[in-house]
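Here is a short briefing to read alongside the sequence and the 3D view. Have both open and follow the residue numbers as you go.

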Amino acid sequence: MKSARQRSAIIGLAVMCWACNSANKAAPTTTVTTTSVAIAASTDMLRVQETVTFSATATRSDGSTSAVTDWSSSAPGVLSINPASGAATGVSAGQATIIARSDGVTATRMVRVVPQYSGKWSGTYAINTCTATEGFLAAGWCDQVRGGIGLFGLELSQTRDTVTGTLSFDVVFTGSVTGTMAVNGTLTLMGTTTFDTFSIALPSWSTNSTAIDVMEGTFSQRVTSTEV
């Protein structure tokens, strides 16, 4: 039979070992992750050479937030974006998706780039084909104008992808026009210009500005007169 002193020694040793094991247990750790990314409200349309800075916020699993500093564009030839600041610049007409990333979580926004049509334009047009009827045919109208070079001028205001303004042909014909742009930047105009008894309507106008301050394309004129 063990003495009382021996029993006390054994019990004391067991308590010491339990305390040692308890002290060596590691405290549990929590990994903070990104749960969502949101791009702040901003424009979805830029003009060529226009720069807009986008911002986005990353929300963490612990409730904290931080600004996103990882940006990219799906079409840099249409819309370039600074990868750290989110400053986006329109390069050419079209559409691009901007992407904000944080720890593998992304947010996207489709952005359209349109040409800059607002302002004053002046240029020339060549009359390649002509078809006349009634009095114009009898007067030999097409023989007089076919192959000729005319002048035109535009003064336009632009809101997003819509333009309004005035158009003049050969200085004397003036009138109002309105139009919209296709995704590729092509501008379609409609309107009528008048001078004296003559009217020139635009059944089709299709031009594009693929370079700053340059516009090219084709259009048709429908000329009528109350006296011809």
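This is a predicted model: local features need pLDDT of at least 70, side-chain atom pairs count only at pLDDT 80 or more; totals for chains, interfaces and linings use all residues.

Residues are numbered from 1 along each chain as its sequence is written, and side-chain values use heavy atoms, with hydrogens and water left out.

- Helices (H or I, at least four residues) and strands (E, at least two) are DSSP runs, numbered from the N terminus, and two strands pair if DSSP finds at least two bridges between them.
- Strand S11 (residues 119-126) pairs with strand S12 (residues 149-159) through eight bridges in the antiparallel sense; here Gly123 has Phe152 of S12 as its bridge partner.
- A hairpin is formed by S12 and S13, with two residues between them, and Arg160 in the turn shows a positive phi of about 55°.

**Gln158, a buried side chain**

- Gln158 sits in strand S12 and is buried, at a relative accessible area of 9%; buried means under 20%, exposed over 50%, and partly exposed in between (1.4 Å probe, protein chains only).
- A polar atom of the Gln158 side chain is 3.0 Å from the backbone oxygen of Pro115, and the side chain also reaches the backbone nitrogen of Ser118 at 3.4 Å.
- For such polar contacts, the cut-off is a pair of N or O atoms within 3.5 Å; within protein, one must be able to donate a hydrogen and the other to accept it, and residues adjacent in sequence count only if both atoms are side-chain atoms.
- Not counting residues up to four places away in sequence, Gln158 touches residues including Arg47, Tyr117, Val163 and Met181, where contact means heavy atoms within 4.5 Å.

**Two nonpolar cores**

- A nonpolar core is a set of buried Ala, Val, Leu, Ile, Met, Phe, Trp, Tyr and Cys residues joined through side-chain atoms within 4.5 Å.
- The largest has 21 residues, and Ile39, Phe54, Trp71, Leu79 and Ile98 touch the most other members.
- At least two residues of this core come from each of strand S1 (34-39), strand S4 (56-60), strand S7 (79-81), strand S9 (94-102) and strand S10 (105-114).
- Apart from it lies another core, of 20 residues, with Tyr125, Phe169, Leu187 and Met215 among them.

**The sheet with S9 and S10**

- Four strands make an open sheet in the order S2-S10-S9-S6, with mixed pairing.
- Its edge strands, strand S2 (45-47) and strand S6 (71-73), each pair on one side only.
- S9 and S10 are antiparallel over nine bridges, and Ser102 stands opposite Val105 in S10.

**The disulfide**

- How many disulfides does a search of the whole structure find? There is one, between Cys130 and Cys142, with sulfur atoms 2.0 Å apart; the cut-off is a pair of cysteine sulfur atoms within 2.5 Å.
- The link of Cys130 and Cys142 is left-handed, with -70° about the S-S bond.
- Cys130 lies in the loop between S11 and helix H2 (134-138) and Cys142 in helix H3 (residues 141-145), so the pair ties together parts that are 12 residues apart in sequence.
- Both ends are buried: Cys130 has a relative accessible area of 18%, and Cys142 is at 7% relative accessibility.
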